[in-house]
Amino acid sequence: MLVKFFYQLRSAGLPVSVTEFLTLLEAMKNGLGSGDVDEFYYLARSTLVKNEAHFDRFDKVFGDYYRGIESVFGPDPVQLPDDWLRRQAELFLSPEERQRIESLGGFEELMDALKQRLEEQKKRHQGGNRMIGTAGTSPFGAYGFNPEGVRIGQDGSRHRRGAKVWDRREYRNLDDDVQLGTRNIKIALRRLRRFARQGAEEELDLDDTIRSTARQGGLLDIRMVPERHNAIKVLLFLDIGGSMDDHVRLCEELFSAARSEFKHLEYFYFHNCVYESVWRDNRRRHAARTPTMEVLRTYGRDYKLIFVGDATMSPYEIIYPGGSVEHWNEEPGSLWMQRLLDNYGSAVWLNPEPEQRWDYTPSTGLLRDLMERRMFPLTISGLERGMKELM
Amino acid sequence: MTLDRFSGTDRYVATEDLMAAVNASITLGRPVLIKGEPGTGKTQLAEEVAQALDRPFYEWHIKSTTKAQHGLYEYDAVARLRDSQLGDGRVKDIRNYIVKGRLWEAFESERQPVLLIDEIDKADIEFPNDLLRELDRMEFYVHELKETVQARLRPIVIITSNNEKELPDAFLRRCFFHYIRFPDQETMERIVEVHYPGLKKTLLAEALRTFFEVREVQGLKKKPSTSELLDWIKLLLAEDIPAEALASEDRRKSLPPMHGALLKNEQDVHLFEQLIFLNRRNAR
């Protein structure tokens with residue numbers, strides 16, 4: 001039976017290996033996780049899932065599997081579609097009540113409570129669950145429910161205790177590419193590591209010391225080598241202001257992560273699209289500008305180019321001379337982009353906007369084409385894809 | 001195999017899922033990997049397990065420069081070279097220049113030890129891979145002596161990680177895994193009770209409320225964690241700050257007392273001051 005569970009986990013995209021599965025069986029043979037379902041759930045989770053980002057997915061599969069077992073041995077579970085429930089709740093709860101629930105833990109909580117109420121009710125009235133299909137518009141009524149009787153707000157804590165651990169799905173917001181902190185970004189950026197020895201000689205090279213001491217007939221001859229550094233050079237262009245204000249925090253994190261990760265990191269700011277000049281200090285963006293030409297000349301072709309921006313603007317700002325919202329540009333932004341891309345072979349664009357939305361902004365499409373589709377969302381998985389592209 | 005069970009101590013509140021992971025690891029003799037927010041008691045767990053089961057305790061703290069070999073042994077070639085030039089007699093036996101690492105020490109323990117490998121993610125990416133066989137078979141080969149060191153009793157290995165690096169799959173497959181969540185209010189009350197027994201109910205309630213409120217403020221760079229809460233309560237007690245000071249109306253109008261223990265970042269303090277300023281203006 002557990003074999004099926006194993007394959008369900010795998011088909012849900014969890015990287016569970018045979019070794020781990022055997023470990024679980026071994027643990028169960030040793031009497032672990034046999035107390036109750038909760039205990040088994042914890043044991044299975046700690047054996048099979050090695051990343052908190054996968055906890056939520058595991059919870060879902062476990063919930064399904066567990067309910068499946070219930071359906072074999074226990075009463076028929078009522079699978080209530082969520083949107084149906086939602087509609088029922090909207091029918092039965094006044095706006096004030098809904099608001100109160102919202103403040104207590106949100107609509108999801110309410111859904112869970114309703115679901116549970118229905119199940120409880122079903123247990124008391126045998127065969128009552130058939131009513132759901134036939135009772136027409138008022139299943140709650142059929143079960144003796146009415147808005148007053150529901151009183152979900154008052155026993156929020158009671159139903160919480162009753163809910164199954166995995167059904168609470170507390171790890172939902174740890175799933176995949178939602179959370180992106182400095183640390184996560186660093187991990188992603190670490191893909192861009194290529195170590196080389198450079199600079200002052202400050203580490204003892206033991207092997208070389210021994211070799212050369214032996215060659216000198218036993219006279220100690222200390223040999224030193226330079227420390228290893230990440231040899232990747234990065235040129236970072238950050239879009240600032242306007243629609244990017246929503247993403248300031250994300251960019252801040254990316255920036256601080258990148259700064260500590262690369263020894264050779266050069267950064268410049270631009271607004272919406274790169275034109276003939278960029279700047280380094282936002283407070284002096286009009287006074288101290290660096291011509292883009294100079295950037296092209298100063299930093300060698302071995303630099304890797306990373307743009308960060310939401311690419312959301314009017315298409316004119318990219319393709320027409322004088323399209324910039326801030327100044328008169330003699331040459332269109334697309335030309336400057338092209339120059340940069342011609343000079344630096346490996347380049348990516350990181351976009352903090354969600355990928356689904358890209359298709360709705362023409363300028364995003366334009367820039368994406370300019371980048372030859374090397375545009376990635378600013379999420380962990382996006383960053384990783386981007387870094388892979390850069391290598 | 002031992003039938004020991006870990007169920008928390010009088011100084012450490014273990015949740016059910018944590019106990020499940022630790023006990024599975026004790027029973028099967030495999031390492032357990034603990035992840036979680038900083039300050040949720042990852043490192044402390046190992047000490048408490050050692051104490052609860054009354055086992056010798058070995059710690060191995062990992063730094064960015066640590067190599068897997070450091071945990072096994074080091075061959076002090078430079079000392080030997082020097083001794084050879086000084087004509088020291090010890091130089092004849094290479095054993096004199098083998099320095100044992102924490103893993104070796106743990107392997108030699110007479111009683112089953114608890115071995116903590118702290119912050120494994122600090123080391124190089126390849127570090128966990130270099131320890132695979134050692135942790136799997138609990139043995140390693142010493143080239144200089146041409147002999148194999150084997151653990152007398154499989155140590156209980158507890159590994160902590162701050163998630164700074166992804167750990168390799170091959171390594172993860174051999175571990176049990178536990179992620180310490182940030183405790184909910186109920187657990188937090190138990191934790192505080194364990195550390196400061198008999199704390200006045202009102203003070204505790206007010207302190208916890210303030211604490212969770214601070215944690216909920218959007219945009220904090222570093223949210224205060226359990227260890228910060230405990231430090232803060234200690235300060236409150238030391239300064240003998242009454243519960244009313246926390247509860248009073250001006251809670252919204254000034255920073256909580258001793259806020260330095262909770263907010264460790266000047267930008268956070270600044271953000272807080274701005275919020276309070278807004279509150280005050282709205283109150284008018």
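In the predicted model, strand S8(A), helix H19 (residues 362-370) of chain A and strand S9(A) form a right-handed β-α-β unit. S8(A) spans residues 347-351, and five of its five residues are buried, so the strand is largely enclosed by the rest of the structure. In a regular strand the side chains alternate between the two faces of the sheet. For S8(A), A:Ala347, A:Trp349 and A:Asn351 lie on one side, while A:Val348 and A:Leu350 lie on the other.

S8(A) has pairing partners in S7(A) and S9(A). Strand S7 (residues 304-308) of chain A pairs with S8(A) in the parallel sense, over four bridges. Strand S9 (residues 375-377) of chain A also runs parallel to S8(A), and three bridges join these two strands. A:Trp349 takes part in both pairings: A:Phe307 has A:Trp349 as its bridge partner in S8(A), and A:Met375 is the bridge partner of A:Trp349 in S9(A).

Chain A as a whole contains 20 helices and nine strands. It has 391 residues, of which 46% count as buried. Considering contacts in chain A between residues at least 6 apart in sequence, 71% join residues at least 24 apart. The accessible surface of this chain comes to about 20,500 Å², and carbon and sulfur atoms account for 49% of that area.

A:Leu219 provides an example of a loop position in chain A. The residue is located between helix H14 (206-215) and strand S2 (224-230). With neighbours within four places in sequence left aside, A:Leu219 is in contact with A:Thr213 and with B:Gln85 of chain B.

Chain B contains 13 helices and nine strands. Buried residues make up 50% of its 284 residues. Among chain B contacts between residues at least 6 apart in sequence, 74% join residues at least 24 apart. The chain exposes about 14,100 Å², with 47% of this area supplied by carbon and sulfur atoms.

Within chain B, B:Glu228 is part of helix H11 (residues 226-238). The relative accessibility of B:Glu228 is 8%; because this is under 20%, the residue counts as buried. The side chain of B:Glu228 reaches the backbone nitrogen of B:Ser225 at 2.7 Å. Residues up to four places away in sequence being excluded, B:Glu228 touches B:Lys222, B:Lys223, B:Ala261, B:Leu262 and B:Lys264.

As for confidence, chain B has a mean pLDDT of 83, and 95% of the residues of chain B reach 70 or more. The model scores ipTM 0.75 and pTM 0.59.

Notes: Residues are numbered from 1 along each chain as its sequence is written. Chains are lettered from A and ligands numbered from 1 in the order in which they are written. This is a predicted model: local features need pLDDT of at least 70, side-chain atom pairs count only at pLDDT 80 or more; totals for chains, interfaces and linings use all residues. Side-chain values use heavy atoms; hydrogens and water are left out. Buried means under 20% relative accessible area, exposed over 50%, partly exposed in between (1.4 Å probe, protein chains only). A polar contact is a pair of N or O atoms within 3.5 Å; within protein, one must be able to donate a hydrogen and the other to accept it, and residues adjacent in sequence count only if both atoms are side-chain atoms. Contact means heavy atoms within 4.5 Å. Accessible areas come from the Shrake-Rupley method with a 1.4 Å probe; for residues, only the protein chains shown count as cover. Two strands pair if DSSP finds at least two bridges between them. A crossover is right-handed if, with the strands pointing away from the viewer, the path from the first strand over the helix to the second runs clockwise. pLDDT is the predictor's confidence in each residue, from 0 to 100.
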